[in-house]
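Here are my notes on this one, written as numbered points. Have the model open while you read, and look up each residue as it comes up.

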Amino acid sequence: MNNIRNRSDRAFDTLNTALLVAVGLICLLPFLHVLAKSLSDQASVMGNRVTFYPIGLHGGAFRFVFEHTRFLDALKVTALVTAIGTALSMTITVLAAYPLSKPEFKGRKAILLLYVFSMLFYGGIIPGYMLMKELGLLDTMWAMIVPLLVVPFNLFVCKTFFEGIPESIEESAKIDGASNFRILLRIVLPISLPVIATLSIFYAVGYWNNYFHPLIYVNSIDLKPLQLFLFDTIANTEELLQEQPDSVRLSMAPEGFRAAAVISSIVPILLVYPFLQRYFVTGMTLGSVKG
């Protein structure tokens, strides 16, 4: 009987491993294909000979992206929006989630109902545009930050995490005369690093990948973030290359240029993620189930 069970377990583990490897390859291979195109020479890319490794290693596409486009300007805008937006979003989320995690807080249920309502219903594009216009935020950096300041899901995760912190810790601090703000700053936040790191990743990726709000609210080319730069680059590659000198244009494959632009845009967020990855699973686990 044990032998049969062991064989079944081994078969299940093998099938599981094969399935996970297949899913991993499905996610990884397109990235490798784009990376290979960005590092291959023009003839290989134009001849459709590039698969998952570079052919005729060539960095001209990346040089073109950095030297002949506004990639660096768009990167600065996106990095600034991401940094400021994430900091403000986390500040507001924590300051809202902490009192809402206390059952004795007056008006708690009504406020939570408003957050739930905002998760289920959206006013629409036109009311959102009119609001931004009335606030004077059109064609400003704040038009890319304000709409994403508070994500209700993130707030509920943070609130649930705070609810799992033992009340005895805070009660002992209150006996020593600590105020609510001091308790939050000195006691609650240091033991909440997993959920704070997790939500910071969520907010940062949301700001970094935000395409819709800049498309609607931003017209100035100097304020266009990385995602709009990518859209313009991919949609108008031929026109952009036609504007370059023959020495540059004839040595550049449009597909290679598009691939280099895409890879350049995702590398920064990939470099930041590993530093916060160790908090990710722990933060989601602790924040999703009340302790």
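**Notes on charged pairs and rings**

1. Start with Glu163 and Arg108, whose side chains meet in a salt bridge (2.9 Å, N to O). Glu163 sits in helix 7 (residues 152-163) and Arg108 in helix 5 (residues 108-120), so this pair ties together parts that are 55 residues apart in sequence. A salt bridge here means a side-chain nitrogen of Lys or Arg within 4 Å of a carboxyl oxygen of Asp or Glu. Helices are DSSP runs (H or I, at least four residues), numbered from the N terminus.

2. Before going further, remember that this is a predicted model: local features need pLDDT of at least 70, side-chain atom pairs count only at pLDDT 80 or more, and totals for chains, interfaces and linings use all residues. Residues are numbered from 1 along each chain as its sequence is written, and side-chain values use heavy atoms, with hydrogens and water left out.

3. Are Glu163 and Arg108 buried or exposed? Both are buried. Buried means under 20% relative accessible area, exposed means over 50%, and partly exposed is in between (1.4 Å probe, protein chains only). Glu163 comes out at 18%.

4. Shared partners join Arg108, Lys159 and Glu163 into one salt-bridge network.

5. How many salt bridges does a search of the whole structure find? There are 3. One of them pairs the side chains of Lys224 and Asp232 (3.8 Å, N to O). Asp232 counts as partly exposed, at 29% relative accessibility.

6. Now take Lys37, which lies in helix 1 (residues 2-39). Lys37 counts as buried because its relative accessibility is 17%. Leaving out residues up to four places away in sequence, Lys37 touches Val45, Val50, Glu255, Gly256 and Ala259. Contact means heavy atoms within 4.5 Å.

7. On to the rings: the whole structure holds 6 aromatic pairs. In one of them, the ring centres of Phe117 and Phe121 are 4.8 Å apart and the planes are at 35°, so the pair is tilted. The rule is that rings of Phe, Tyr and Trp (its six-membered ring) pair if their centres lie within 6.5 Å; planes under 30 degrees apart count as stacked, over 60 as edge-to-face and the rest as tilted. Phe121 is exposed, at 51% relative accessibility. Elsewhere in the list, Phe66, Phe71 and Phe229 form one aromatic cluster.

Conventions. Helix = DSSP H or I, 4+ residues; strand = E, 2+ residues; numbered from the N terminus.
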